[in-house]
Amino acid sequence: MSSAKALATRSIEAVTGAWLLLVAPLTVCAAAGGTLAEYLPSGAAYTTLICSYCLAGAGVPLTCCVVVLYMHRIAIYKLPAHDAILTAFIPLGPVAQIGVAALTLGSVAQDLLPQALAGGLGPVLFGLGVVTGLLSWGSTLFWAMHAVFAVAYQRRSGCVPFNISWWALTFPVGVFATLTAGLGDVLELNFFRVCFLLLAGLLVVLWLFNIARTAADLWTGAIFDIPGLMATYDSDISCAASSV
């Protein structure tokens with residue numbers, strides 16, 4: 001009960017991009033279900049597709065709600081601290097994953113649903129997936145620009161040290177690259193294909209850099225200094241103590 005009261009007393013200033021990691025698995029599983037349905041027998045594939053759309057229905061509204069909370073937080077309060085500023089890149093992942101799930105499910109629905117439902121619902125869902133993918137790509141680009149400017153601003157006013165939060169760059173950039181590749185295949189536009197090559201190259205560089213720095217910091221133990229962990233822990237303890 002005390003922990004619940006402690007969470008209830010936390011202000012909007014505590015919201016970070018990391019909150020999106022709590023709801024991202026829903027859309028990730030939805031996209032994975034669409035990919036899996038392509039290799040299943042027709043009956044199992046149809047069931048998997050319906051379940052995947054249900055997961056997307058749960059994940060997309062929750063992702064949008066957390067994104068709104070995070071937008072409110074950065075509009076009203078200051079940016080995250082220097083050692084946690086790279087979490088500003090996390091919204092790229094869940095937002096782009098919405099487009100990946102829509103493209104994947106729409107592509108599978110175009111092949112499966114005309115056999116099960118009349119009225120040509122499959123092509124409609126495919127078109128809706130393409131439109132959703134484009135909207136998701138534009139929103140992801142906005143959050144990428146915001147994250148770059150946020151890091152540049154914090155870098156100007158102080159150091160941005162390497163810590164475990166740097167690994168928050170790999171998932172968002174990877175999902176953004178996946179969405180870009182999917183749009184390039186569907187729309188057959190060289191613009192998205194070139195963007196995919198750039199994002200894929202950036203992702204490889206990020207992986208190599210993070211692996212090298214993490215291995216180096218393992219010797220000193222600095223990599224285990226999780227940004228904001230002790231401050232959040234102390235805050236929860238204080239709130240729990242005051243609510244008893």
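Predicted model: local features only at pLDDT ≥ 70, side-chain atom pairs only at ≥ 80, totals over all residues.
The chain has eight helices and zero strands. Along the sequence, the pattern reads α-α-α-α-α-α-α-α. The chain holds 244 residues, and 40% of them are buried.

Helix α5 covers residues 121–157, and its axis comes within 10 Å of the axis of α6, with a crossing at roughly 135°. The handedness of the crossing of α5 and α6 is left-handed.

The next pair is formed by α6, residues 170–187, and α7, residues 190–218; the two helices pack at an angle of about 160°, and their axes are 8 Å apart. The cut-off for roughly antiparallel is an angle over 145 degrees, so α6 is roughly antiparallel to α7. The crossing of α6 and α7 is left-handed.

Between α6 and α7 there is a loop, and Glu188 is located in this loop. What is the phi of Glu188? Its value is positive, about 60°, although Glu188 is not a glycine. For context, most residues other than glycine have a negative phi. Glu188 counts as exposed because its relative accessibility is 60%, and the cut-off for exposed is over 50%.

Ala96 gives a contrasting case of accessibility. This residue belongs to helix α4, which spans residues 92–116. Is Ala96 buried or exposed? Its relative accessibility is 0%, so Ala96 counts as buried.

Which residues make the nonpolar surface patch of about 220 Å²? The patch is made by Leu21, Val28 and Phe171. Of these, Leu21 is found in the loop between α1, residues 2–8, and α2, residues 24–37. Leu21 has 43% relative accessibility and therefore counts as partly exposed, since that class lies between the cut-offs of 20% for buried and 50% for exposed.

Key
Residues numbered from 1 in each chain as written. Heavy atoms only, no water. Patch = residues over 30% accessible without salt bridge, like charges linked within 9 Å, V, L, I, M, F, W, Y side chains within 5 Å. Areas by Shrake-Rupley, 256 points an atom, 1.4 Å probe, with all protein chains shown as cover. Salt bridge = Lys/Arg side-chain N within 4 Å of Asp/Glu carboxyl O. Helix = DSSP H or I, 4+ residues; strand = E, 2+ residues; numbered from the N terminus. Buried < 20%, exposed > 50% of the residue type's maximum accessible area, 1.4 Å probe, protein only. Axes fitted to C-alpha atoms, helices over the stretch in contact; angles between N-to-C directions. Parallel < 35°, antiparallel > 145°, perpendicular 65-115°, else oblique. Left-handed = near helix turned anticlockwise from the far one by under 90°.
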